[in-house]
Amino acid sequence: AGLPTYIIYGDSFLVGQELKKLVAETGAESLLEANSHQVRGNQARLPELLSICNALPFLDARRLVVVEGLLTTLEARSSRSRGRGSRQSSGSAGGWEGLAQAIPQMPETTLLVFIDGPLSENNNPLLRLLRPLARAQQMNAPTGESLARWIKAQAQQKGAGISPAAINSLADLVGNDLWTLD
């Protein structure tokens with residue numbers, strides 16, 4: 001079997017960190033520019049995405065394709081169309097159904113990663129369609145005690161110490177906006 005497809009969604013800071021980790025683990029950070037693709041979800045078209053994913057890598061062991069925001073875009077579209085009484089069913093993946101059939105046929109050199117913000121588990125037709133074919137990871141921003149541990153770990157990672165009082169102050173002032181905390 002080829003490389004798995006990934007869906008990483010939730011808090012944008014944690015999604016970005018998880019993507020960096022995945023790229024490092026798979027050795028994809030050293031890919032030639034020709035083998036590394038960013039596709040914006042709101043501009044993505046199925047035929048173009050499939051042709052990128054089905055192409056073999058040039059002088060590299062793999063090809064990285066990161067699709068940003070496609071599931072969020074489709075979720076917003078399907079909830080808008082339901083609100084207007086459109087005939088489009090809520091189960092529709094907006095013409096992306098072919099992606100589910102195409103993923104198992106992709107070359108094993110293709111690393112396909114979908115990154116998104118928070119998604120509705122039940123109301124996202126593409127998430128439901130792709131979940132059986134992908135490793136889905138929901139990245140929620142920590143709260144409470146786990147937020148305090150996260151702040152302490154981030155400070156230590158940056159070579160700084162931080163007191164429990166400072167951790168509590170930061171958590172109270174900023175909440176779990178990880179970009180600001182970082």
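A nonpolar core is here a set of buried Ala, Val, Leu, Ile, Met, Phe, Trp, Tyr and Cys residues joined through side-chain atoms within 4.5 Å. All views show a predicted model.

**Figure 1. The largest nonpolar core of the predicted model comprises 26 residues.** Trp96, Leu99 and Phe114 touch the most other members of this core. Two or more residues each are contributed by β1 (5-10), α2 (46-54), β3 (63-68), α3 (70-83), α4 (97-102), β4 (110-116) and α5 (125-130). Helix α2 supplies the largest share, four residues. A second, separate core holds 24 residues, among them Leu14, Val66, Ala148 and Leu178. In soluble globular proteins, nonpolar side chains tend to be buried together.

**Figure 2. Contacts of Leu99 beyond its sequence neighbours.** When the residues within four places in sequence are set aside, Leu99 is in contact with Leu46, Leu49 and Leu50, and also with Met106, Phe114 and Leu130.

**Figure 3. The buried face of helix α2.** Leu46, Leu49, Leu50 and Cys53 are the buried residues of α2. Viewed down the helix axis, these buried residues fall within an arc of 95°, so they line one face of the helix. They pack against β2 (36-40), β3, α4 and β4. The helix itself lies across β2, β3 and β4, and runs at about 155° to β3.

**Figure 4. An open sheet of five strands with parallel pairing.** The strand order is β2-β3-β4-β1-β5. At the edges stand β2 and β5 (134-139); each has a single partner strand, so one side of each is left without a neighbour in the sheet. From one strand to the next, the twist averages 15°. The parallel strands β1 and β5 are joined by six bridges; Ile8 has Gln137 in β5 as its bridge partner. Helix α1 (residues 12-25) packs on the sheet, where it touches β1, β3, β4 and β5. The direction of α1 makes about 155° with that of β1.

Figure 5. The model contains four salt bridges by the criterion of a side-chain nitrogen of Lys or Arg within 4 Å of a carboxyl oxygen of Asp or Glu. Glu18 is buried, with a relative accessible area of 13%, whereas Lys21 is partly exposed at 44%.

**Figure 6. A salt bridge between strands, formed by Glu68 and Arg40.** The closest N and O atoms of the pair are 3.5 Å apart. Glu68 belongs to strand β3 and Arg40 to strand β2, so the pair ties together parts that are 28 residues apart in sequence. Both residues count as partly exposed, Glu68 at 31% relative accessibility and Arg40 at 45%.

**Figure 7. A salt bridge between loops, formed by Arg131 and Glu121.** The side chains meet at 2.7 Å, N to O. Arg131 lies in the loop between α5 and β5, and Glu121 in the loop between β4 and α5. The pair links distant parts of the chain, 10 residues apart. Arg131 is partly exposed at 34% relative accessibility, and Glu121 is partly exposed with a relative accessible area of 33%.

Notes
Residues are numbered from 1 along each chain as its sequence is written. This is a predicted model: local features need pLDDT of at least 70, side-chain atom pairs count only at pLDDT 80 or more; totals for chains, interfaces and linings use all residues. Side-chain values use heavy atoms; hydrogens and water are left out. Buried means under 20% relative accessible area, exposed over 50%, partly exposed in between (1.4 Å probe, protein chains only). Contact means heavy atoms within 4.5 Å. The arc is that of the directions from the helix axis to the C-beta atoms. Two strands pair if DSSP finds at least two bridges between them. Axes are lines fitted to C-alpha atoms, for helices over the stretch in contact, and angles run from 0 to 180 degrees between N-to-C directions.
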